[in-house]
Amino acid sequence: MPLDPALAGRRFPTTPAHDVSRYEVSRFAAALGATDPVHHDVEVARRRGHRDLPAPPTFPIVVAFEAMTGFMADPSVGIELRNVVHSAQRFVAQRPVYAGDVLTATLTVESVRQAAGTDLIATRSEVATTAGEAVCTAFATLAHRAPAVGER
Amino acid sequence: MSGQGQPAPADWTAGTELPTQVFRVTRADLVAYAGASGDHNPIHWSDRVATAVGLPGVVAHGMVTMALGGRALSTWAGDPARVREYGVRFTRPVVVPDDDTGVEVIVRGTVGTVADGTARVDLVVGCDGTTVLGQARASVLVAAGLPGDD
């Protein structure tokens, strides 16, 4: 069943506060093999002019993904993660995410269009601190393929 | 901070070729990324689910491939904070075999334009001889005196 085109323009609820810890920044960087001590050693980070450990440039996806998960799970949307392929991603950062940030994401559906049985959903998630400071805008395009009846 | 033999961002001009970076991705990396990112989509760890949705097998999270491009950008720029805009299209899946060696992801970068203290960097990200990310480009701050300068 194709998605409702009326989804375009809808804004979904802001995610709960996400406390970004030093451990989380370091672990995310380590999962990517990023050994630059700026992600792992706060003394190095401060010597290099940072207020705390900066996260890798794609880290905002962690918070944006929470918003995407909420969007997909919304009963009025109803799409399953396993039927979704991430087709494009873009970040526009005001600054890096730092350990110590408390972040939320608010997702807006920018457009929904159909191509060859697939719904292409363009989303925009505004990642900000709970104090209201804009940190990053994460634009994700999701391709959703609805399974045929009886298919698993 | 810049690596040896690599042009400092302040010296970048249109056409500057950045040193190619090669990364290796294994199933273990995908599991680590799933844990670190919260993206537990089973197509990134279960062959059964991946093939059921029509993929050749377990594929890397697009965000892992994109993040390796981000690692290359951070290295070239000298600091992750200099990477201000970064976008890609995920054009081909990176299939990660269930073995100990995994696959190689190769990231090449060329400086496009430099204006107002910002450089556009065009990336070519490949795996197994094919390009896996499309329209991969970033805006990187090149002016001195930013966080990350020693």
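Two residues are said to be in contact here if their C-beta atoms, placed from the backbone, lie within 7 Å. The model is a predicted one, so local features need pLDDT of at least 70 and side-chain atom pairs count only at pLDDT 80 or more, while totals for chains, interfaces and linings use all residues. Residues are numbered from 1 along each chain as its sequence is written, and chains are lettered from A, with ligands numbered from 1, in the order in which they are written.

First, the place where the chains meet. On the chain A side, 31 residues are in contact with 38 residues of chain B. Helices (H or I, at least four residues) and strands (E, at least two) are DSSP runs, numbered from the N terminus. Elements giving two or more residues to the side of chain A that touches chain B are α1 (22-31), α3 (60-73) and β2 (84-93) of chain A. The top contributor to that side is β2(A), with eight residues. Sorted by class, the side of chain A that touches chain B holds 17 nonpolar, eight polar and six charged residues. For this sorting, Ala, Val, Leu, Ile, Met, Phe, Trp, Tyr, Cys and Pro count as nonpolar, Asp, Glu, Lys and Arg as charged, and the others, Gly among them, as polar.

The strands also link up across the two chains. Two strands pair if DSSP finds at least two bridges between them. Here β2(A) runs antiparallel to strand β2 (residues 83-90) of chain B, and five bridges join them. Within this pairing, A:Gln89 sits opposite B:Val88 of β2(B).

Now for chain A on its own. It has three helices and five strands, which come in the order β-α-α-α-β-β-β-β from the N terminus on. Its C-alpha trace spans about 55 × 30 × 20 Å along the principal axes. A residue is called buried if 20 or more other C-beta atoms lie within 10 Å of its own, exposed if 12 or fewer, and partly exposed in between, with C-beta atoms placed from the backbone. Of the 152 residues in chain A, 41% are buried. Among contacts in chain A with a separation of 6 or more, 70% are between residues 24 or more positions apart.

Strand β1 (residues 18-19) of chain A pairs with strand β3 (residues 102-115) of chain A in the antiparallel sense, over two bridges; there, A:Asp19 has A:Val102 as its bridge partner. On to the next pair: β3(A) and strand β4 (residues 118-129) of chain A are antiparallel and joined by 12 bridges, with A:Arg113 partnered by A:Leu120. Two residues lie between the strands of this hairpin, and A:Ala116 takes a positive phi near 50°.

Helix α3(A) is mostly covered, with 10 of its 14 residues buried; A:Phe65, A:Met68 and A:Phe71 are among them. Its length checks out too: at 1.5 Å a residue, the 14 residues should span 20 Å, and the end C-alpha atoms of α3(A) are 20 Å apart, which agrees. The expected span is 1.5 Å times one less than the number of residues in the helix.

Chain B has three helices and six strands, in the pattern β-α-α-α-β-β-β-β-β along the sequence. Its radius of gyration is 17 Å, close to the 15 Å that the globule rule gives for 150 residues, so chain B is as compact as a globular protein of that length. That radius is taken over C-alpha atoms, and the rule is 2.2 Å times the number of residues to the power 0.38. Buried residues make up 40% of chain B.

Eight bridges then join β3(B) to the antiparallel strand β4 (residues 118-127). These two form a hairpin with two residues between them, where B:Asp116 in the turn has a positive phi of about 50°.

Finally, the inside. A nonpolar core is a set of buried Ala, Val, Leu, Ile, Met, Phe, Trp, Tyr and Cys residues joined through C-beta atoms within 7 Å. The largest one has 79 residues, and A:Ala64, A:Val127 and B:Leu73 have the most contacts inside it. Helix α3 (residues 62-77) of chain B gives the most to this core, with nine residues. In α3(B), 16 of its 16 residues are buried.
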